[in-house]
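Work through the exercises below with the sequence and the coordinates at hand. Each task is followed by a solution in steps.

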Amino acid sequence: MNTLSKNARVAGFFYLLVILIAPLRLVYIPSKLFINGDTAATIAGIAAHEQLFRFGIAGDLVTGAVSLVLTFTLYRLFRDVNKHAALLMLMLGFMDTPLYFFNTLNDMATLILVQGPDFLAGFSKVQRDGLATLFLRVHGMMTYASEIFWGLWLFPLAVLVYRSGFLPRFLAVWLTINGFAYLALSYAGLLRPEWNDLMAGIAFPCQLGEVAFALWILVLGAKQRPAAALRTPLAA
């Protein structure tokens with residue numbers, strides 16, 4: 001296995017790890033514990049499944065840490081393609097980690113309020129539940145804000161894939177579409193919440209671009225094509 005292909009597979013491994021862990025808090029836990037429009041049921045669900053909620057916090061912390069490693073491995077893979085684009089990807093991709101870590105604070109506060117320890121005795125149950133719901137809402141809004149960077153970092157990555165010569169260009173197109181999908185989801189979540197469900201349904205196939213990219217570099221690696229194959233043939 002050549003060094004290029006080895007670096008690609010390492011990056012693919014970390015990318016797939018992020019793809020597998022991130023949905024724990026983003027998708028699975030909300031589907032199991034959160035009841036739209038029913039604050040009492042949501043709080044009761046968190047209290048009854050406290051360990052699952054803790055796994056969500058741990059999952060976000062792991063996702064943030066692995067995302068940082070992923071960004072570096074992709075920078076190492078593409079830095080010789082275009083250094084400026086690789087640095088831009090690195091900077092935008094780096095934002096994923098602090099956003100994940102900061103957002104876990106909202107879940108930690110929610111958990112403390114749900115537990116109702118003695119030092120919160122000055123707050124009634126209704127007040128604690130209201131505050132817990134507030135922190136859950138802030139977590140959701142923070143996720144919508146994070147999607148801006150989830151989308152933006154895919155654009156320089158797509159440019160690097162397109163210009164690399166060792167990965168198929170259709171992946172670059174799909175990553176670009178994936179980036180716009182995240183920006184659309186962020187726009188809907190922050191500005192037009194009533195569009196959330198519609199936008200999520202439209203965006204889902206677009207978001208598979210990251211999955212396709214991760215699986216390609218993990219399974220197939222990268223193979224440098226001859227320079228002649230990269231040149232566009234002149235019209236006769």
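**Nonpolar patch and cores**

α9 gives the most to the nonpolar patch, with 3 residues; helices here are DSSP runs (H or I, at least four residues), numbered from the N terminus. This is a predicted model: local features need pLDDT of at least 70, side-chain atom pairs count only at pLDDT 80 or more, and totals for chains, interfaces and linings use all residues. Residues are numbered from 1 along each chain as its sequence is written, and side-chain values use heavy atoms, with hydrogens and water left out.

**Exercise 1.** Find which residues form the nonpolar patch on the surface.

Step 1. The members are M141, I148, Y187, L190, L191 and W195, with about 530 Å² of accessible area together (Shrake-Rupley method, 1.4 Å probe).

Step 2. At least two residues each come from α7 (125-152) and α9 (169-191).

Step 3. W195 lies in the loop between α9 and α10 (196-219). Its relative accessible area is 34%, so W195 counts as partly exposed (buried is under 20%, exposed over 50%, partly exposed in between).

**Exercise 2.** Describe the largest nonpolar core.

Step 1. This core has 39 residues (buried Ala, Val, Leu, Ile, Met, Phe, Trp, Tyr and Cys joined through side-chain atoms within 4.5 Å).

Step 2. Elements giving two or more residues include α1 (3-21), α4 (50-78) and α8 (154-164). α9 supplies the largest share, 7 residues.

Step 3. Beyond its neighbours within four places in sequence, F213 is in contact with residues including Y15, L74 and L175 (heavy atoms within 4.5 Å).

Step 4. A second, separate core of 12 residues includes L33 and V114.

Notes. Patch = residues over 30% accessible without salt bridge, like charges linked within 9 Å, V, L, I, M, F, W, Y side chains within 5 Å. Salt bridge = Lys/Arg side-chain N within 4 Å of Asp/Glu carboxyl O. Buried < 20%, exposed > 50% of the residue type's maximum accessible area, 1.4 Å probe, protein only.
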